[in-house]
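Hi there,

Here is the structure I promised to pass on to you.

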Amino acid sequence: MHRREAPLRPNGGAAIRLAHVRKHYPGAAQAAVGDLSLDVPEGEVVVLVGPSGCGKTTVLKMVNRLVEPTAGEIHVLGEDVRSVAAPVLRRRIGYVIQQIGLFPHRTVEANVATVPRLLGWDRRRIRDRVAELVELVGLDPALLQRYPSELSGGQQQRVGVARALAADPPILLMDEPYSAVDPIVRARLQDELLALQRRLHKTIVLVTHDVDEAIKLGDRVAILNVGGVLAQYAPPAELLRAPADDFVAAFLGSERGLKLLSLVTVGQVASIEGPVVDGDVTPGEAAAVMRRFGVDWVGVRAGGRLVGWVADRDLDGRRRVADAPAQPFNAALRPDTTLREALDVLINSRTRVAVLVDDDHRYLGMLTVDQIAEGLR
Amino acid sequence: MTIAHDVVEWFTDPEQWEGTFGIPHRTFEHVQISAVSLLAAFALAVPVGVTLGHLRRGGGTAAVIANIGRAVPSFGVLVLMIQFFGIGAGPTFVALVLLAVPPMLTNAYVGVAGVPDGVRDAARGMGLTPWQVLWRVELPVASPVLMAGVRTAAVTVVATASLAAVVAWGGLGRFVVDGIAQRDEAQTFGGAILIAALAMVTELFLAGIQRLVVPAPLRSRTGSVRRAARAAQPELRPADQAPGRDRGQGP
Amino acid sequence: MRALANGPDSWIWWEWVGDHLDDIAASTREHVLLTAVSVGIGLVISFPLALAVRRWPALSLPVLWAAGAMYAVPSLALFGILVPVTGLTRTTAVIPLVTYTLLILVRNIVTGLDGVPRDVRESAAGMGYTGTGRFLRVDLPLAVPTILAGVRVATVSTIALVTVTAVIGQDSLGQLILDGLNRDFRTPLVVGIGLTVALAVTAEVALLGVERVVTPWARRRR
C-alpha cells in the first residue's frame with residue numbers, strides 16, 4: 001500500500017500535462033487560474049486541494065473542456081485537448097461529480113451504459129461490461145433495474161463511479177466526489193476508491209476542499225491558493241514534513257505531525273536492535289544487555305523469532321534465559337503499520353517498546369518513541 | 001324531471017345530428033380550432049421556452065408572461081381580437097393561441113431550466129453533444145412539467161373556444177349561448193354536457209399522451225400533487241402538474 | 001392614428017368614461033364581491049377537505065382527482081348545467097367559481113401542512129403541545145406561506161374568470177366587455193379588460209404583502 005513517490009518525469013510520461021494554463025472568466029476581477037503548470041503522472045492519484053476560490057474545479061473542468069482555458073496548453077495522453085472535439089475527448093475521460101448527476105429518467109443499468117452506448121458498443125458487450133462494473137464498485141446487481149431516486153446516497157455514488165468507468169477510460173476526473181455523503185459512508189467510499197485504484201491503476205485527478213481526504217487519497221497533492229496559484233505539489237508525506245510556505249502550513253493545519261503519523265509506516269523508519277538475547281544465554285549476559293539499554297527486562301529470541309520478554313527479577317537462579325517464564329509482547333508491528341498505530345501500541349505497552357516483525361513473524365527490530373519522532377522529521 | 005326529458009329529447013332529435021348547426025359539425029369545429037390553436041401555440045412557445053431554459057436566460061420574462069397569462073381574462077382577449085380582426089374563426093384562433101402560449105412557454109422554460117445542474121454537467125462531462133444533452137436528458141427530465149403546461153393550455157383553449165360562441169363564432173358554445181338567449185334550457189344543458197364531455201375527453205387524451213411521453217420514473221401519481229404545490233411557492237412556477245393545474249384561467 | 005383622436009371610435013373615449021364612472025364603479029364592486037365570496041367559500045370548503053385528506057390518505061386520490069376533473073370543465077359548461085337549476089342568478093355564477101378554487105386551495109393546504117418539518121413537529125410534541133394546540137400554534141403558522149400562495153393564485157385566477165359570468169347576465173367588469181362587444185364600442189371593452197388586469201395585479205401584490213406581514217420569519221429568505 002505504499003505510495004509511489006517517483007519523481008516527476010521531466011518530459012513525457014505525464015498522462016495529463018498543464019502548461020502555463022490561465023483562466024480568466026469574463027467580468028471577473030481576478031483570474032480564476034493564473035499560469036498553472038502541472039504534470040499528472042500516469043497511474044497516480046493526484047489531488048487538487050485548496051480553499052474556495054482557488055480554481056481547483058476550474059482546473060479539473062479545463063481538462064475535459066467543460067471550461068476552456070484563456071491561455072496555455074493542456075495535453076491528455078500526449079494529445080492537445082483542443083485537437084479533438086470536446087464530446088469525443090470527454091468520452092475518453094471518466095467524470096464523477098459531487099452531485100453525481102445520475103439521469104433520473106433512466107435505470108441504473110442505462111445510466112452506467114451511457115458512454116458505451118454513445119460509443120456504439122453492441123448490446124452484448126455493454127451488458128457484460130455493466131455486469132463487470134457492478135461487481136467492481138460493489139453494487140448489488142438487483143439494483144440495476146432500479147431508478148436513481150430509489151437508491152441511497154452511497155449507492156448513487158457507486159453508480160456514478162461505475163458510469164464514469166464504463167468505457168474503461170484511462171483517466172478519471174473526480175470533482176468533490178464525497179462531499180455530499182455522511183462521514184461514515186465517505187470513509188468507506190474513500191477506502192473503496194483506494195482498493196479500486198490498486199486494481200485499475202487509472203490516472204485520477206480528484207478535487208476536494210478536505211485536506212485529510214487529499215492526504216488519504218493522493219499519491220501526490222497539489223495545494224492551490226486563491227487565484228489558481230500552485231503553492232506546493234508533492235507527495236503528502238513530503239507536504240507534511242516540509243510545507244513550502246506559511247499558506248501551505250496553515251492549510252495543512254496545526255496537527256501536521258499527527259497527520260504524518262497516519263501516513264508514514266513503520267517500515268520507513270529506522271528501528272533499533274533492542275534489548276534482545278537468544279534464549280540460551282546466561283542471566284549474566286542478559287543482565288549486561290539490560291544495563292546497556294537501561295531497562296529491567298530483555299526480549300528472548302528463539303530461531304529468529306521473538307518469543308516474548310523476561311523481567312530482570314525472574315532471571316534469578318536460572319541457568320538459561322529460556323528457563324524463565326517469558327511474557328508475550330502485547331502486539332507486533334508489521335512494516336506497513338502506520339506510525340499512528342505503532343504509537344498506540346507503544347503507549348499501551350509496559351515495556352515502552354513496540355516489536356517489529358515481518359510477515360513470517362521474524363524479528364526485525366524494536367521501536368521506541370524516539371524512533372517515531374525521528375521518522376516524522 | 002321535465003328538464004331531463006327535454007334534454008333527452010334535444011339529444012335524440014335527428015335534426016341535431018345533421019347540417020352546419022348539428023352536434024357533429026359543432027363538435028368538429030370545436031375540436032378543429034382547439035387542436036390547430038394548440039399545435040400552433042406549441043410550435044411557437046415550446047422551442048422558445050426550451051431554448052431559454054437550456055440557456056437559463058430570460059427567467060424573469062417567462063415569469064412575467066406567466067403572470068400576464070394568469071391575470072388577463074380570456075374572455076377579454078377573445079373580444080379584443082374581434083376588434084383587431086373582425087368576426088370569425090381567425091380572431092378566435094389568434095386569441096386561443098395567445099392564451100395557450102403562456103403556460104406552454106413558462107412550463108417549457110421551468111421544466112428545462114429546472115433540470116439539476118449536476119445532471120447537465122454529468123451529461124456534458126460524459127461526452128454528450130449539446131443536442132444529445134437536450135434530447136436525451138433535458139427534454140425527458142423536463143417532460144412532466146412541459147406536459148403539464150400543455151394540459152393547462154388545452155383546458156384554457158377548449159374552454160375559451162366555447163366562449164367563442166359569445167363573439168358570434170361556432171363550436172359547442174353555440175348551444176349554450178343560444179340556449180341562454182332563447183331561454184331554451186334543454187339546449188343550454190345539452191350543450192353544456194357536450195362541452196364538459198369534450199373537456200374530459202381532451203383531459204384523458206392528453207393524460208394518455210403524457211403517459212407515452214414521460215419516462216416511467218418521472219410519472220406522477222399522487223406525488224405530483226405535492227410537487228405541484230411546492231412549485232406554487234416561488235414566483236416562477238410551472239403552470240403545474242396533473243391531475244389539475246393552478247393556472248385558474250382555464251375554465 | 002385614429003386611436004389618438006378622442007371620440008366614440010377611439011380605443012378609449014374619456015368622456016364616456018367620465019359619464020359612466022358610477023356604472024364602472026358598480027361593476028368593479030360586483031367583480032370584487034364575486035371574487036371575494038367565491039374564494040371565501042372555497043376556503044371554507046377546502047379546509048375540512050384538506051384535513052380529511054391528511055387524516056385519511058386514501059381520500060387523497062379521489063378528492064384531488066375529482067377537483068382536477070371539475071377544474072377541466074369549462075365555465076360555460078358549468079353555467080349551462082346550472083342555469084336550468086338555479087337560473088340566471090348570482091348563485092349560478094358563484095358555484096363554478098368556487099369549484100375552480102378547490103383544486104388549488106386543497107392542494108396547497110395539504111402541501112403546506114405536509115411541509116412542516118418532522119423535527120419541528122416532534123420538538124413541539126416534546127415541549128408538550130398536543131393535538132389541536134400543536135396544530136394551531138405550530139403546524140398552521142408554518143403552513144401559512146404555502147396556503148397563502150394558494151389563495152393568491154386562486155384569487156388572481158378567479159378575478160379573470162369572473163368576466164365570463166357576464167354570459168349569464170351577472171354584473172361585473174365582464175359586463176363592460178360584453179357591452180363593448182355587443183355595441184361594437186371599444187371604450188367599455190378596454191376599460192373592462194384594463195380594470196380586470198388591474199384588479200388581478202392589485203390582488204397579487206396585496207396578497208404578497210399579506211404573506212410577508214403574516215410570516216415575518218420567512219422574509220429573510222427572499
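This is a predicted model: local features need pLDDT of at least 70, side-chain atom pairs count only at pLDDT 80 or more; totals for chains, interfaces and linings use all residues.

β14(A) and β15(A), the latter spanning residues 354–357, run parallel to each other and are joined over 2 bridges. They belong to an open sheet of 3 strands in chain A, ordered β14-β15-β16, with mixed pairing. At its edges lie β14 (332–333) and β16 (363–367) of chain A, each of which pairs on one side only. Helix α13 of chain A, residues 339–347, packs on this sheet and touches β14, β15 and β16 of chain A. The direction of α13(A) makes about 135° with that of β15(A).

The domains

Chain A is split into domain 1, made of 14–92 + 170–263, and domain 2, covering 267–375. Taken over C-alpha atoms, the centres of these two domains of chain A are separated by 43 Å.

Where the chains meet

Chain A brings 19 residues to the contact and chain B brings 18 residues. On the side of chain A that touches chain B, the elements giving two or more residues are α2 (86–91), β6 (93–97) and α4 (114–118) of chain A. Of these, α2(A) gives the most, with 4 residues. By type, that side of chain A comprises 11 nonpolar, 6 polar and 2 charged residues.

Definitions and conventions. Residues are numbered from 1 along each chain as its sequence is written. Chains are lettered from A and ligands numbered from 1 in the order in which they are written. Two residues are in contact if their C-beta atoms, placed from the backbone, lie within 7 Å. Ala, Val, Leu, Ile, Met, Phe, Trp, Tyr, Cys and Pro count as nonpolar, Asp, Glu, Lys and Arg as charged, and the others, Gly among them, as polar. Two strands pair if DSSP finds at least two bridges between them. Axes are lines fitted to C-alpha atoms, for helices over the stretch in contact, and angles run from 0 to 180 degrees between N-to-C directions. Domain bounds come from an automatic or database domain assignment.
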